[in-house]
Amino acid sequence: MLLKRGLWLGKGSLLTEGASIGEPLVCDIEIVEDEGGFTITGDVWAADRPPGDVSIRIAPNEVGTYTMDVRAAGAALDGIAKMESEPNLGLLWNEAGTQSATYALFALREGYGFRGFARMGERTVTWEIAFALKQQAVGGANVVSLKPRRRR
């Protein structure tokens, strides 16, 4: 399984059908693992939109796939995912059948790639995001670097 615990920062773009240029997209999420699966929470920012909350629960089911519960961008979607081999794939839909999404999660050299499509009523969007593990910076008056630095 590709998902790993931690704090992740994602940067990418969101492209609406009919647009020629994608909007910048930023995701700040935390992945927590417990005995029942994974919980992903955080925020998503698109260029001209206010930040939105993201809440995702992924848990194994009795048939060898994973059940998903997604709350993001004002949408409430349920679905199924294949998480045991790469790429991880998922299919999501709302109860009324008016919204659906599909995605692929795959390994990059230093993180994850996340691509997908969503259909919300008459609107279709696609996204591409690269996620990298956030580095916890340690600093302070009592911290000394032992690594020599190049002088210019």
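Modeller: We begin with accessibility: a residue is buried under 20% relative accessible area, exposed over 50%, and partly exposed in between (1.4 Å probe, protein chains only). This is a predicted model, in which local features need pLDDT of at least 70, side-chain atom pairs count only at pLDDT 80 or more, and totals for chains, interfaces and linings use all residues. Residues are numbered from 1 along each chain as its sequence is written, and side-chain values use heavy atoms, leaving out hydrogens and water.

Colleague: What describes a pair of aromatic rings?

Modeller: The distance of the centres and the angle of the planes describe such a pair. Rings of Phe, Tyr and Trp (its six-membered ring) pair if their centres lie within 6.5 Å; planes under 30 degrees apart count as stacked, over 60 as edge-to-face and the rest as tilted.

Colleague: How many aromatic pairs does this rule give?

Modeller: The count is 4 aromatic pairs. One of them is tilted because the planes of Tyr103 and Phe114 stand at 50°, with ring centres 5.5 Å apart.

Colleague: Is Phe114 buried or partly exposed?

Modeller: Phe114 is partly exposed, at a relative accessible area of 22%. Phe114 also forms a tilted pair with Trp127, at 5.8 Å centre to centre and 40° between the planes. Trp127 counts as buried at 14% relative accessibility, and Tyr103 is likewise buried, at 10%.

Colleague: Which residues do the ring pairs link into a cluster?

Modeller: The cluster consists of Tyr103, Phe114, Trp127 and Phe131.
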